[in-house]
Amino acid sequence: MTVIIHDPLFYGSDDEADELFLPEVVEEQAPPQEEEEKREIAIVEVGFFAPENNAFGNSFRNYQQESLRRIIVEEFYRKNHTFQTYDFAMAKKEEHGRLNKGVMSIWECCELLNEYVDESDLDSDEPPMEHLLQTAEAIRRDYPHQDWLHLTALLHDLGKVLLHPAFGGEPQWCVVGDTFPLGCAFSEAIVHHKFFIQNPDSRNPEYNTKLGIYIDNCGLENVTMSWGHDEYMYLVAKGNNTTLPPAALFIIRYHSFYALHQGGAYTYLMNNEDKEMLEWLHVFKKYDLYSKSRVRINQEEVKPYYLSLIEKYFPARLRW
Ligand SMILES: O[C@H]1[C@H](O)[C@@H](O)[C@H](O)[C@@H](O)[C@H]1O
Ligand SMILES: [Fe+2]
Ligand SMILES: [Fe+2]
C-alpha cells in the first residue's frame, strides 16, 4: 500500500485557497512507474505559499550571507561538528533513551521550552512555541484531515527540552541544528562542512569512507545520527507508546537531516520504506522552514484543538 496525495492544487492567496478543493490522502495501490514523477511534483506544489525572505529580510537557510545571527550560528556549528562523534551519539542515546529525567504532559513541555532561543537557527529568533504553532497551523490549513500531521508539527521540536536543566541541561550544540549520520564520511551537503576537520571521526579509517560501518540500503533506522532533539523526541514518542503513524515518527526523527531531505545526500543508506516516508518529510519541511515569521498565533484560541489531539495520540503524562 502506498499513501498518495490526491489532486493537489497550488494557490497563492487565502481567498483562492478557500474556494479550492483541498488535498485528501487516501490509501491506494502503488502507482505505475511513470506516475511516480508526476506525483512528486504534485506533492511539492500543494497549498502553502512559501515566502522568499525570512523575518530578517534574508533568504532562508543562507548560511553565507552576512547577518547578525550568522556569527552565532557559525560558532554553534563549529562546536557541533567538532564534538558530535559516533561514540558520543551512542552514549547520549543510551543515557536519554532511558527516559528517566522526569514526567510531564506534552503541553507542559511546550511551555517549559519557551524560554530558549535556538542558536543554530538563521531564520528565526522567536520563542519555540511560536514556531511550533506557526508550523502546525500552516500545515493544518493545507491538510485539514490529517490531524496526525498537525500534532506532529506541534511537537516536532519538543526534544529541545534537553536544554532545560531538569531534563538534561545539555549545551545547544548537542540539542539543536541540522543532524547527519555518524560512522561514515561527512557529506559536503552538510552546512559548514569545513568544521568536520576538527572531528576525530574524520580521521578514523573505519568511519571516513562513503559507507563506513554501514551497508548499502541498510535503512535509516540502522544509522546512528548526530545526537539532538530529533532522535530524543522520537525516543520519547516511541517510549510512551504513541499511536501516531510511522510517517509522523519518521518526520520527528529526521526533520533536521537537511543533507538528505534538501541536499539529496546519503540516499544509499535508505531502504524502500524510508523512500516512501521521505515524501512526507518533504511535505513537512516546507511548513517547518517557511512558516517561520513574525506572525503570532492566538495560543488560547487553538489550545483546545491541540489538547484534543494530544489526548488522542498520547498518554496524559509522558516519561522524558
Ligand atoms: O536551526 C534549525 C533548528 O534547530 C531546527 O529545529 C532544526 O530542526 C533544523 O534542522 C536546524 O537547522
Ligand atoms: Fe527541529
Ligand atoms: Fe522546527
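Me: Which residues coordinate the iron ion (ligand 2)?

Reply: The model is predicted: local features need pLDDT of at least 70 and side-chain atom pairs count only at pLDDT 80 or more, whereas totals for chains, interfaces and linings use all residues. Residues are numbered from 1 along each chain as its sequence is written, chains are lettered from A and ligands numbered from 1 in the order in which they are written, and side-chain values use heavy atoms, with hydrogens and water left out. Donors are N, O and S atoms within 2.8 Å of the metal (3.2 Å for Na, K and Ca), and since water is not among the atoms, sites may look incomplete. At 2.0 to 2.2 Å, the iron ion (ligand 2) is coordinated by Asp157 (OD), His229 (NE2) and His255 (NE2).

Me: How far apart are the iron ion (ligand 2) and the iron ion (ligand 3), which aspartate 157 bridges?

Reply: The donor residues of the iron ion (ligand 2) follow the spacing D-x71-H-x25-H in sequence. Aspartate 157 also bridges this ion and the iron ion (ligand 3), and the distance between the two ions is 3.8 Å.

Me: How many residues apart in sequence are the parts that aspartate 157 and histidine 255 tie together?

Reply: Helices (H or I, at least four residues) and strands (E, at least two) are DSSP runs numbered from the N terminus. Aspartate 157 sits in the loop between α7 (147-155) and β4 (181-182), and histidine 255 in the loop between α9 (246-254) and α10 (258-261), so the parts that the pair ties together have a sequence separation of 98 residues.

Me: Is aspartate 157 buried or exposed?

Reply: Buried means under 20% relative accessible area, exposed over 50%, and partly exposed in between, with a 1.4 Å probe and protein chains only. Histidine 255 has a relative accessibility of 3%. With a relative accessible area of 5%, aspartate 157 is buried.

Me: Which residues of α7 are buried?

Reply: α7 is mostly covered, with nine of its nine residues buried. What covers them includes α5 (106-113), α6, α8, α9, α11 and α12 (299-313). The buried residues are Asp147, Trp148, Leu149, His150, Leu151, Thr152, Ala153, Leu154 and Leu155.

Me: What covers the buried residues of α9?

Reply: Eight of the nine residues of α9 are buried, so this helix is largely enclosed by the rest of the structure. Among the buried residues are Phe250, Ile251 and Ile252. Their cover includes α4 (86-97), α7, β5, α8 (229-239), α10 and α11.

Me: Which residues touch the most other members of the largest nonpolar core?

Reply: In soluble globular proteins, nonpolar side chains tend to be buried together. A nonpolar core is a set of buried Ala, Val, Leu, Ile, Met, Phe, Trp, Tyr and Cys residues joined through side-chain atoms within 4.5 Å. The largest core holds 90 residues, and those that touch the most other members are Trp148, Leu151, Leu158, Phe314 and Trp320.

Me: Which residues does phenylalanine 314 touch?

Reply: Contact means heavy atoms within 4.5 Å. Leaving out residues up to four places away in sequence, phenylalanine 314 touches Ile106, Leu151, Leu155, Ala237, Thr242 and Leu244.

Me: Which lining residues are the closest to the centre of the largest cavity?

Reply: On a 1 Å grid over the protein atoms alone, a cavity is a set of points where a 1.4 Å probe fits but cannot get out, and lining residues have an atom within 4 Å of a point. Grid points are joined across faces, edges and corners, and a volume is the space filled by probe spheres set on the points. The largest cavity holds about 330 Å³. Of its 27 lining residues, the closest to its centre are Asp118, Asp121, Asp157, Lys160 and Lys292.

Me: How many charged residues are in the lining of the largest cavity?

Reply: Ala, Val, Leu, Ile, Met, Phe, Trp, Tyr, Cys and Pro count as nonpolar, Asp, Glu, Lys and Arg as charged, and the others, Gly among them, as polar. α6 (128-142) and α11 (272-290) each supply at least two lining residues. The lining has eight nonpolar and eight polar residues, and the number of charged ones is 11.

Me: Which residues line the second largest cavity?

Reply: This cavity has a volume of about 50 Å³. Its lining has two nonpolar, six polar and no charged residues. They are Asn54, Phe56, Asn58, Ser59, Asn62, Gln65, Ser67 and Leu122.

Notes:
1 Å grid on protein atoms, 1.4 Å probe; cavity = no way out; pocket = protein on both sides within 12 Å on 5 of 7 lines; lining within 4 Å.
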